[in-house]
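Have the model open while you read.

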Amino acid sequence: MQVAIIGAGPRGLAVAERLINLAEDDTKLDIEIFDPYAIGGRVWDPFIPQNQQFLMNTVIDQITLFNDDSIENGGKPLPGPNLRQWLVGQAATFLAAHPEFAPFYQQEVARLKQPGDFASRGMMGVYAAWFFEWLTQRVRQNQTLTFTQQAVTQVTPIGQKFQLTLADGIQILSDQVVMALGHSDDYLSEEEAGFKTFAAENHLKYVAPTHPAEADLSAFDENDTIIVRGLGLSFFDYLSALTVGKGGQFVRNAAGELDYIPSGHEPHVIAGSRGGFPLHARGVNEKDTSELYVPKFFTLPALDALRAAGGGHLQYDDFEKLIVKELTYKYILNQLAIMPNRLPYDQAEALRQALLTSDDLMATAKAFGLDDIPAFDIDLIRNPACDLDAAVDYATWFKTYLRADIADAKLGNKHAPFAGTFDIMRDVRDRIRYVIEHDYFDADAYEKFLRQFKPFDVSVSVGPPLERIEQLLALIEAGVFEVTAPQIHVDTEGQQFVARDARQQEFRGNALIEARLGATDIGISRNPVIENLRQQGLLVQPTRTRADGSTYQLGAATFDRQTFEVIDQNGNKVPHLYIYGITLEGLKWFGTVIPRPGVNTVILREAAWIAQRILAYA
């Protein structure tokens with residue numbers, strides 16, 4: 001049986017691992033993985049120089065490529081080292097035997113010592129290369145596992161098989177195809193295309209949405225003023241590339257704070273976004289490898305009860321109230337934890353018990369004497385400047401805001417009032433995935449979920465390492481970076497880009513960088529294999545109908561939830577053509593994660609299910 005896996009990132013490798021290790025000894029199996037990037041895929045490609053500089057946003061102790069016994073219905077596990085264990089054990093030997101990897105990685109191995117350290121993106125790619133080498137050694141006599149570093153541009157059904165066309169025109173037949181695709185570039189929007197044309201006509205600079213590691217920033221220097229639109233994870237990659245990448249340095253002063261020493265070659269950067277605030281810093285890690293917070297309120301029985309009360313559908317406002325209650329509970333406990341002598345032990349324990357049956361958690365906390373802690377205000381968290389007086393100097397206030405975020409994150413991802421509370425959002429994702437995959441919301445409520453909850457969750461749960469927020473503050477102090485107020489809007493005037501924000505501030509520049517990846521939407525994707533399958537009617541976007549009869553489309557591809565096989569434009573399942581991961585975002589929730597050991601991690605779980613489905617045909 002020939003199996004083609006399109007994508008050499010963690011998802012593609014996970015399917016290959018389960019196929020190899022779950023197959024019977026007499027099963028004939030030929031597996032070929034395709035990707036135009038190295039093993040590890042686009043995000044983690046260790047041969048892209050910028051990936052030596054850009055950081056992962058998950059600590060090394062919580063990253064793995066190996067199955068374990070936590071994986072639900074995953075088959076017999078074959079455990080192996082997580083990233084931290086591999087760095088301590090096998091990494092140096094592997095790198096010594098593979099001089100194709102830059103010397104930087106050997107130096108990084110020596111530097112990464114603690115479970116809470118953050119590795120470079122490229123190091124994840126080196127780990128993936130080692131994992132692939134380990135997996136090839138597991139291949140038995142009647143099996144093959146190969147990697148072809150090329151893009152697949154077409155997948156065409158031919159009878160019971162599929163013909164794959166590669167970028168160089170070679171065609172290959174396969175019995176089973178797994179599309180383990182990551183983020184793809186999109187066609188430019190009308191606005192983005194206009195900016196690109198304007199820049200070309202006026203000798204300006206424009207960087208469209210893309211992976212920052214692939215953006216050519218070599219022409220940017222001290223003569224440029226860049227408007228950066230976006231304050232998410234991509235922004236922090238550009239932050240590093242436009243500063244350290246231009247020869248600058250961050251150093252810690254006597255007070256332990258970061259200072260920035262310019263090289264003199266940095267452009268001036270004006271950054272902003274609609275929300276107006278960077279992602280919250282990740283709290284210093286206090287959690288064990290597989291440690292998850294166990295919710296008290298945001299439970300499946302509670303969600304089921306709300307669904308039943310809503311006549312079979314969960315109302316979005318009820319969902320949000322429940323999750324805010326969980327966050328508020330953790331926030332109060334963390335406030336108590338950083339003030340251990342605030343209440344006597346028996347009173348503190350009585351408060352914990354009272355909170356479990358309280359309808360108003362903040363009022364209960366105040367009744368027990370915690371009457372001076374700020375309320376957990378989700379609207380204020382969404383927009384910390386919502387009540388800011390117009391007379392306040394925004395730049396000064398914003399630096400105070402960053403310092404508070406830094407100080408809080410230093411208290412840890414279990415005990416910090418905010419960072420420790422926000423971190424539980426990572427731990428409850430599987431419950432949210434369950435809600436989405438089992439259609440708890442009707443079309444109207446789900447649209448509200450995507451519009452309101454998704455940006456909130458991103459802002460608090462997927463932030464960068466604390467160091468990146470410290471660097472942003474240092475750059476603002478050094479006058480290299482500015483951050484606008486919320487509601488940034490970019491126009492073109494004369495021969496410049498012009499940004500304006502909600503406080504009527506105006507900023508002008510000769511360059512514009514879109515600091516974000518393309519949307520996860522197969523309808524606008526430029527990935528050739530997605531386009532090809534869409535044109536054949538094999539990949540289609542699902543439509544949702546609102547109560548008023550109007551409709552909207554999700555960006556995902558329609559698929560069978562039990563088998564992960566594609567469903568075509570006629571509503572028919574396409575046997576043996578599988579899809580999972582980021583291209584299902586919308587029908588699934590938050591697939592943009594890295595596998596974590598011991599927590600039934602979604603990538604390894606779904607890969608195991610797909611592999612077992614394939615092996616059933618062997």
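1. A word on terms before the helices: an axis here is a line fitted to C-alpha atoms, over the stretch in contact, and angles between axes run from 0 to 180 degrees between N-to-C directions. Keep in mind that this is a predicted model.

2. Start with H1 and H20. Helix H1 covers residues 10-22 and helix H20 covers residues 602-615; their axes come within 8 Å and cross at roughly 45°. That angle makes H1 oblique to H20. The crossing of H1 past H20 is right-handed. On the H1 side, the residues involved are Pro10, Arg11, Ala14, Val15, Arg18, Leu19 and Leu22, and they meet Ile603, Leu604, Ala607, Ala608, Ala611, Gln612, Ile614 and Leu615 of H20. Sorted by class, that contact has 12 nonpolar residues, one polar and two charged.

3. Next, H9 and its partner H10. How do the axes of helix H9 (residues 316-337) and helix H10 (residues 345-356) cross? They come within 11 Å, at an angle of roughly 175°. H9 is therefore roughly antiparallel to H10, since angles over 145 degrees count that way. Tyr329, Ile332, Leu333 and Leu336 of H9 make the contact with Ala348, Leu351, Arg352, Leu355 and Leu356 of H10. By class, you get eight nonpolar residues, no polar ones and one charged.

4. H9 also packs with H8. Helix H8 (residues 300-309) and H9 have axes 10 Å apart, at an angle of about 155°. So H8 and H9 are roughly antiparallel to each other. Their crossing is right-handed. Ala302, Leu303 and Leu306 of H8 form the contact with Asp318, Phe319 and Leu322 of H9. The tally there is five nonpolar, no polar and one charged.

5. Now the rings. With ring centres within 6.5 Å taken as the cut-off for a pair, the count is 45 aromatic pairs. One of them is phenylalanine 195 with tyrosine 206, a tilted pair at 6.1 Å centre to centre with 55° between the planes. Phenylalanine 195 belongs to helix H6 (residues 190-201) and tyrosine 206 to strand S8 (residues 205-207), so this pair ties together parts that are 11 residues apart in sequence.

6. For a stacked example, look at tyrosine 394 and phenylalanine 398. Their ring centres are 6.2 Å apart and the planes sit at 25°, so the pair counts as stacked. Both residues are in helix H13 (residues 394-409), four residues apart, which is about one turn of the helix. Tyrosine 394 and phenylalanine 398 are both buried.

7. Ring pairs link Phe298, Tyr316, Phe319, Phe441, Tyr446, Phe449, Phe453, Phe456, Trp589 and Phe590. Phe319 turns up in the contact of H8 with H9 as well.

8. Most residues other than glycine have a negative phi. Phenylalanine 590 has a positive phi of about 55° although it is not a glycine. This residue is found in the loop between strand S21 (573-579) and H20. Phenylalanine 590 is buried, with a relative accessible area of 6%.

9. Phenylalanine 564 is another non-glycine residue with a positive phi, near 70°. Its place is in the loop between strand S19 (551-553) and strand S20 (565-567). Phenylalanine 564 is buried too, at a relative accessible area of 1%.

10. Last, aspartate 430, which lies in helix H16 (residues 429-437). Aspartate 430 is partly exposed, with a relative accessible area of 29%.

Terms used
Residues numbered from 1 in each chain as written. Predicted model: local features only at pLDDT ≥ 70, side-chain atom pairs only at ≥ 80, totals over all residues. Heavy atoms only, no water. Helix = DSSP H or I, 4+ residues; strand = E, 2+ residues; numbered from the N terminus. Parallel < 35°, antiparallel > 145°, perpendicular 65-115°, else oblique. Left-handed = near helix turned anticlockwise from the far one by under 90°. Contact = heavy atoms within 4.5 Å. Nonpolar A, V, L, I, M, F, W, Y, C, P; charged D, E, K, R; others polar. Phe/Tyr/Trp six-rings, centres within 6.5 Å; stacked < 30°, edge-to-face > 60°. Buried < 20%, exposed > 50% of the residue type's maximum accessible area, 1.4 Å probe, protein only.
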